[in-house]
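Q: Hey, could you walk me through this protein? I'm new to reading structures.

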Amino acid sequence: MAYSVAEVIELERNGVGVKKERAARLSAEDRSALVAVTVFPAIIVIGAVWAYHFPTTAAHLTPYVSPGLGFIMFTMGLTLTLEDFRRVAERPLAVALGVAAQYVIMPLAAIGLVHLLNLPAGIAIGVILVGTAPGGTASNVVAYLAKADVALSVTLTTVSTLLAPVFTPLLVQWLAGTLTEIDGGAMAISILKTVVIPVVGGVLLRLLIPRVIDRLLPVLPWISTVGITLVVAALVPGSVDALRTAVGVVFAAVILHNLAGLAFGYGVSKLTGQEARTCRTVSIEVGMQNSGLAATLAKTHFPATPEAALPGVIFSVWHNISGALIALIYRRRAEAQARTQAAPDHAS
């Protein structure tokens, strides 16, 4: 019997190593995880292309952007357990490093790209919003594929998400305050409503009816993907003009931003003496953002510059594609390292 992506993460989270499972199951788990980082982005791309060609129809979805993001975060909460929160106390240094890297590397990379590429104000705001967002939930599946620390990945995503109402508004005010007027308090309340409260609600519901939620775990990734697709499609109509005029520079900013997060996340972890598995985890966590939140905040708080949502929309697709590629690279490195370590044992 094959495991779903959610069940794979649950096994890793609870310390049930895949080495204890049969090889047939391992390949099935890998296939399930690969679906998450290949088919899911394709679905999102289809939704975005449809919205681009039929913006009038897609615009009917726009009023539901915030509720849609709230629903996505609610499904994230359903996948969490109390063990994820206990792990913060068990591994404080690794968690602190990952969260600090999240809220330092990506914001600094964002403002660096704004100046390097001389981005117009609206696009610059969008890039900064992506850079100051918490980690994205897709990082957990990519961490599994990359043979990284899935338990740590889940914990980092959870902690950075819960801290977002504090750090995201403060960082946006600091980095984008010269570009436009920003109401940090209103942004913090938006994040509480659309992110924190739904996540906490999902956690509480799983505590109340764990058996029911466990049965739903296999379909939650698909439900979440549909939700993300609808949110992206709802945001595209307001960015159609920007897509036609600035698509090249936005793609450049998004790709460089993502690669900077992946590279510096790994480098900082390495410099602080972390093991290779932790380095891979922090790299993935820092490089993959909750870009859906960034796009939603852009639409809600910067209506005068609809193009501000564009970096978040494009990042939502790109970081899944790059995530699949980096997972392949990291996985091969991990397997090569494992073979090297096993060689002396066989020789003896």
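Q: Which residues does the UniProt annotation "transmembrane region" cover?
A: According to the unreviewed UniProt entry, "transmembrane region" covers residues 32-52, 64-82, 94-117, 123-145, 152-176, 188-209, 216-236 and 242-268. The positions are given in the numbering used here, feature names are shortened, and annotations may be inferred rather than shown by experiment.

Q: What kind of model is it, and how are residues numbered?
A: This is a predicted model, where local features need pLDDT of at least 70, side-chain atom pairs count only at pLDDT 80 or more, and totals for chains, interfaces and linings use all residues. Residues are numbered from 1 along each chain as its sequence is written, and side-chain values use heavy atoms, with hydrogens and water left out.

Q: OK, how many helices and strands are there?
A: There are 16 helices and zero strands. Both are DSSP runs numbered from the N terminus (helices are H or I with at least four residues, strands are E with at least two).

Q: What do the stretches 94-117 and 188-209 look like?
A: Residues 94-117 are 96% helix and 0% strand, with end C-alpha atoms 33 Å apart. For residues 188-209 the chain is 95% helix and 0% strand, and the end C-alpha atoms are 30 Å apart.

Q: How much of the protein is buried?
A: Buried residues make up 55% of the 348 residues. Buried means under 20% relative accessible area, exposed means over 50%, and partly exposed is in between (1.4 Å probe, protein chains only).

Q: Switching to loops: where is Asn118?
A: Asn118 sits in the loop between helix H6 (92-116) and helix H7 (121-131). Its phi is near 50°, a positive value in a residue other than glycine.

Q: Is Asn118 buried or exposed, and why?
A: Asn118 counts as exposed because its relative accessibility is 66%.

Q: What about Lys147?
A: Lys147 also has a positive phi in a residue other than glycine, near 55°. You'll find Lys147 in the loop between helix H8 (138-145) and helix H9 (150-176). Lys147 counts as partly exposed, at 28% relative accessibility.

Q: New topic: what volume does the second largest pocket have?
A: About 330 Å³. On a 1 Å grid over the protein atoms alone, a pocket is an open set of points where a 1.4 Å probe fits, with protein on both sides within 12 Å along at least five of seven lines; lining residues have an atom within 4 Å of a point. Grid points are joined across faces, edges and corners, and the volume is the space filled by probe spheres set on the points.

Q: Which residues line the second largest pocket?
A: It's lined by 14 residues, and Ala48, Val49, Leu243, Phe251 and Ile314 lie nearest its centre. Helix H2 (23-53), helix H13 (240-271) and helix H16 (310-347) each supply at least two lining residues, and H16 gives the most, with six.

Q: What does Pro311 touch?
A: Not counting residues up to four places away in sequence, Pro311 touches Ile123, Gly126, Val127, Val130, Val250 and Val254. Contact means heavy atoms within 4.5 Å. Pro311 is in helix H16 and is buried, with a relative accessible area of 1%.

Q: And Asn258, what's that in contact with?
A: Leaving aside neighbours within four places in sequence, Asn258 is in contact with Gly287, Phe315, Trp318, His319 and Ser322. Asn258 belongs to helix H13 and is buried, at 0% relative accessible area. Asn258 and Trp318 are 60 residues apart in sequence and 8.4 Å apart in space, C-alpha to C-alpha.
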